[in-house]
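Please open the structure in the viewer and keep the selection panel at hand.

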Amino acid sequence: MTSVSPLSPTVEEVGSVVWARRRRAVGDFWRLYRHDREGMLGLIVMGLIILVAIFAPVLADANGLSVIHATGKPIEPPSATYWLGTDFYGRPILTLIIWGSRISLIVGLAATVISMILGTFLGIFAGHFPGWKGGAFNKLTDWFLVIPFLPLAIALASIFGTKVPRLLAVIIVIGITSWPGTARLVRAQTLTVEARPYLERAKALGGGHWHQVTRHVLPNVMPLVLANTTLTVSVAILAETTLAFLGLGDPLHASWGTILHQAYAQDAISNGAWWWVVFPGLGVVLVVRAFNMVGRALERVLDPRLRERS
Amino acid sequence: MTSPAETTDTPQAPDPLLRQPSQTGVNRGRRRTLPLKYILNKTFSALVLLLFVTIFNFFLFRIMPGDPAKTFAPRGRNDNPEALIAMRKRLGEGKPLYEKFFLYMQNLFKGNLETSYSQHQSVASAIGDRIWPTVLLSGTALVISVLVGLWLGTRSGWRHGSRFDRMASGSALTWYSVPEWWFGLILIIIFASKSGLGIFPIAGYSDPNSSLPHFLDVANHMVLPVIALSVVYIAQYSLIMRSSIIDERYAEYLATARAKGLRDDQVMKKHAVPNALLPSVTLFFLSLGFVVSGAITIETVFNWPGLGLLSEQALSGPDYPLLEGIFLVFSAAVIVMNLIADLIYPLIDPRVRAA
């Protein structure tokens, strides 16, 4: 039997207070976000593209992806039947783009998850532990920030590519090359949280590192990580497109970058097949810009310092 | 009982994202020399970083792929058994890890980076041949984008919220989302291909049949790749310059300058711009390091015979010795430029010197 004094709140009561506070915070957040025109536009475009990716089987026949069952003539310009033209094998570009959005988004999101987990973990560690332990992690972040991204990604992809499936290799490579920026941000935020009185209180009451980090540091760091995540997705999608263009993508699961790689390799330009290059690229620009807009809007809403800006 | 007001008064750690307040008043004597300790410190950490990159490189290319003799001479490309034995010996096959690493460092110091089988020459000379076209291409793009980017950023930051600003910042953000190599392809379609305007060469460094003098011919080949490369850099510089101009816009010393009766234009040029330039200077030195690696995709698209195209060629195979060498050169370039930036920055920003 546990005896609870009538004055001190029970665990459930504290829990409900916390939940009410969080619900209110989300409500406040949404009210601010809704008035950010750029953010709302980005959110709508982002939602549409995600819907296209989810409903790809409904929107375009998967047979259109097959080289053997291609219905059109090779490199046909845009027409009423093939809105965006066809590629070298006679496959409709529109079908390729719709199905490619799945791969581009999956790679972008999965790589971001890896990058976020690594970045948040290392950033909090570097910020929370004073002295040489945190310092060592901070140095590690500095070092990885310096190594140029594309050469590192190419080197990693060429080595991983032989051991694991191509798509997974690309996800891992982008994930482990893009975490330092997040780690930097998280560390800075952790340091400001560490200096707050409530953390001193938690320490004084005997809260361990686990308690301090999960109950105080993490909830305060997460909103910025969220904004950063959206920005990282756009960077990851760009990175995937570039790696795929250089021929490191998975030819069996064509992303937008892979389509562009094939177009380049099959000499689409000297064959005058501009539609094969232009439309997949526009898709990339659109989705990256949308994620960018949402990420920037999140930053504006969450970071009062930026709010008075622009 | 502590009142809530007391707890909020507790001093908080300075937010590292915020710039420190100016401390120039404390350090009035304008020393232009750096303390030796600072120089040694920065040089030492650059050397440690270089060591880290070589160790990383060692594990990446020599340990992870398994049998290095196989990755360094794959698919029977090196079927001379004696050469294979000699290579295994050079790589320290069958020896403990630290001896392998020692051998690797020894070879590295001698500049012996094995042989590239796709280029049929030593890795060091393959890189040496290709480095200048890259420096020429990316250097030109960098200079152009610094000039244009700073101008755009200053103009839109000074009148932020104006129509010019909204257009410039909006398009800078869009350019930020454009893969530069895709933009390069579009440029080729419009300006170089037969179905397009056909006024610029499609690809390459020079044309042996051209009637133009050599340097003009090269310049003609450079136009499109330089534009494609610059656009992304311009977006970067203008965004950074814009936000630092906005930071300075309401500083008190500008009010003083206006009170003196300076015209708006003079206030901007003589007072705001020099102070707002500092973050761009850092960015400039950082991007100097990326000059060698930034052009990988553009060189591929335009078939420009530099290090970027070399890396793309090394990928088919893949030619591990060459990839290893290029990776080392790219990383070393960034580290050296970072060091230079670290050493120059305190000379131009007294706040860093005082800290």
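In chain B, what percentage of the contacts with a separation of 6 or more comes from residues 24 or more positions apart? The share is 71%, where two residues are in contact if their C-beta atoms, placed from the backbone, lie within 7 Å.

This is a predicted model, in which local features need pLDDT of at least 70 and side-chain atom pairs count only at pLDDT 80 or more, while totals for chains, interfaces and linings use all residues. Residues are numbered from 1 along each chain as its sequence is written, and chains are lettered from A and ligands numbered from 1 in the order in which they are written.

Select chain B. Chain B has 15 helices and two strands (DSSP runs: H or I of at least four residues for helices, E of at least two for strands, numbered from the N terminus). Of its 355 residues, 35% are buried, that is, 20 or more other C-beta atoms lie within 10 Å of their own.

Next, select A:Ala153, A:Ala157, A:Val170, A:Val277 and B:Ile326. Within the largest nonpolar core, of 137 residues, these touch the most other members. A nonpolar core is a set of buried Ala, Val, Leu, Ile, Met, Phe, Trp, Tyr and Cys residues joined through C-beta atoms within 7 Å. Another core, of twelve residues, lies apart from it and includes A:Phe137 and A:Val221.

Finally, display the contact between the chains, which takes 37 residues from chain A and 46 residues from chain B. On the side of chain A, α12(A) gives the most, with nine residues.
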